[in-house]
Amino acid sequence: MLVHGAGGTPSTWSRVAPLLRAAGHQVHLVTNPMNSLREDVANTTGVLDDCAGPVLLVGHSYGGVVITNVGRDERVAGLVYICAFAPDEGESVQDIIGRYPPAEVSKHMRRGPDGEWASEHSPEYWAEIGWDVPEAERASFDADSRPSADAIFAEATGVPAWRARPAWYLVAAQDKTLRPDIQRDMATRSGATISEITGSHFTPRVWPREVADLVERAAANITGAPR
């Protein structure tokens with residue numbers, strides 16, 4: 001089950017999902033409203049009803065906060081974080097990033113009239129934040145991008161599923177949206193099996209094969225299938 005990040009849509013996984021389906025996996029894409037963390041957790045949990053067998057949750061960016069909470073459901077067997085937040089109990093996204101220097105993306109974030117957040121996809125944004133996304137794909141980000149309510153960043157996480165579920169973490173070593181040092185710290189704290197790759201925060205778009213391979217390894221681990 002693939003969960004997008006803040007401002008995103010299932011298009012985050014447009015290059016990953018076909019690879020997983022070709023390998024024989026059932027793939028479910030989640031579309032969250034991003035009005036509150038609580039609502040996104042409830043929405044994602046509802047998608048579990050359509051899943052058969054043990055479920056592997058995969059979250060990108062803010063999607064990691066969602067799977068950290070949804071993963072407490074007994075139908076979930078494991079968690080995969082793709083340059084994603086993996087908060088501890090009582091932490092919010094704001095709490096985590098507030099302990100570190102600001103990431104470069106902060107200069108490209110804009111606040112809406114109701115307090116919502118969106119990134120400004122200017123030429124400067126792409127040059128600094130998403131330089132490795134093919135130019136032909138950048139227009140789709142503008143078309144799919146949605147604002148995110150401040151509540152998804154301010155609400156605290158409950159007991160994290162990674163305390164009871166196996167976890168895997170893919171660090172984006174050149175990420176200028178979620179600092180790599182934050183990623184490494186969260187991955188280590190969660191006890192995740194850690195992999196690292198070069199590139200920006202747009203790892204599912206830029207390195208889909210590597211993301212799919214990690215998901216497949218995690219799936220094989222929780223099912224006992226050879227990989």
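# Close-up views of a predicted model

Val-3 is buried, with a relative accessible area of 0%. The model shown in these views is a predicted one.

View 1. The 0% relative accessible area of Val-3 falls under the 20% limit for a buried residue. Apart from neighbours within four places in sequence, Val-3 is in contact with Trp-13, Val-30, Asn-32, Thr-44, Val-58, Gly-59, His-60, Gly-63, Val-66 and Ile-67. Between the C-alpha atoms of Val-3 and Met-186 the distance is 18 Å, with 183 residues separating the two in sequence.

**View 2. Ser-61 and its polar contact with His-201.** Ser-61 occupies the loop that connects β3 (55–60) and α3 (63–70). With a relative accessible area of 10%, Ser-61 is buried. Its side chain makes a polar contact with the side chain of His-201, at 2.8 Å. When residues up to four places away in sequence are set aside, Ser-61 touches Gly-5, Ile-82, Cys-83, Ala-84, Phe-85 and His-201.

**View 3. Ser-148 and the backbone of Gly-7.** The loop between α6 (135–144) and α7 holds Ser-148. This serine, Ser-148, is buried at a relative accessible area of 2%. A polar atom of the Ser-148 side chain lies 2.8 Å from the backbone nitrogen of Gly-7.

**View 4. The largest nonpolar core.** This core comprises 37 residues, of which Met-1, Leu-57, Leu-79, Tyr-81, Phe-85, Tyr-169 and Met-186 touch the most other members. Two or more residues are contributed by each of α2 (37–47), β3, α3, β4 (76–82), α4 (93–97), α7 (151–154), β7 (167–172) and α8 (180–189). The greatest contribution to the core comes from α3, with four residues. Another core lies apart from this one; it has 21 residues, among them Trp-168, Ala-172, Ile-197 and Val-211.

**View 5. Contacts of Tyr-169.** Tyr-169 is among the residues of the largest nonpolar core that touch the most other members. Residues up to four places away in sequence are not counted here; beyond them, Tyr-169 touches Tyr-81, Cys-83, Ala-84, Leu-178, Gln-183, Met-186, Ala-187, Ala-192, Thr-193, Ile-194, Ser-195 and Leu-214. Of these contacts, Tyr-81 and Met-186 are also listed among the core residues that touch the most other members.

**View 6. The aromatic pair of Tyr-62 and Phe-153.** The count of aromatic pairs in the model comes to four. In one of them, Tyr-62 and Phe-153 are arranged edge-to-face, with 6.4 Å from centre to centre and 65° between the planes. The pair ties together parts that are 91 residues apart in sequence, because Tyr-62 lies in the loop between β3 and α3 whereas Phe-153 belongs to helix α7. Both partners are buried: Tyr-62 has a relative accessibility of 2%, and Phe-153 has one of 16%.

**View 7. The aromatic pair of Trp-126 and Phe-202.** The rings of Trp-126 and Phe-202 form a tilted pair, 5.6 Å centre to centre with 35° between the planes. Trp-126 lies in helix α5 (residues 123–128) and Phe-202 in the loop between β8 (193–197) and α9 (203–206), so the pair ties together parts that are 76 residues apart in sequence. Trp-126 is buried at a relative accessible area of 5%, as is Phe-202 at 9%. Together with Tyr-125, these two residues, Trp-126 and Phe-202, form one aromatic cluster.

**View 8. Lys-176 over the ring of Trp-131.** Lys-176 is placed over the face of Trp-131, and its distance from the ring centre is 5.6 Å.

**View 9. The cysteines Cys-51 and Cys-83.** Zero disulfides are present in the structure. Cys-51 is buried, with a relative accessible area of 18%. Cys-83 is likewise buried, at 0%, and touches both Ser-61 and Tyr-169.

**View 10. Ala-164 in the loop between α7 and β7.** Ala-164 counts as exposed, at 62% relative accessibility. In sequence, Ala-164 and Arg-72 are 92 residues apart, while in space their C-alpha atoms are 7.9 Å apart.

Definitions and conventions. Residues numbered from 1 in each chain as written. Predicted model: local features only at pLDDT ≥ 70, side-chain atom pairs only at ≥ 80, totals over all residues. Heavy atoms only, no water. Buried < 20%, exposed > 50% of the residue type's maximum accessible area, 1.4 Å probe, protein only. Polar contact = N/O pair within 3.5 Å; in protein donor to acceptor, adjacent residues only side chain to side chain. Contact = heavy atoms within 4.5 Å. Core = buried A, V, L, I, M, F, W, Y, C linked by side-chain atoms within 4.5 Å. Phe/Tyr/Trp six-rings, centres within 6.5 Å; stacked < 30°, edge-to-face > 60°. Lys NZ or Arg CZ within 6 Å of the ring centre and 35° of its normal. Disulfide = S-S within 2.5 Å.
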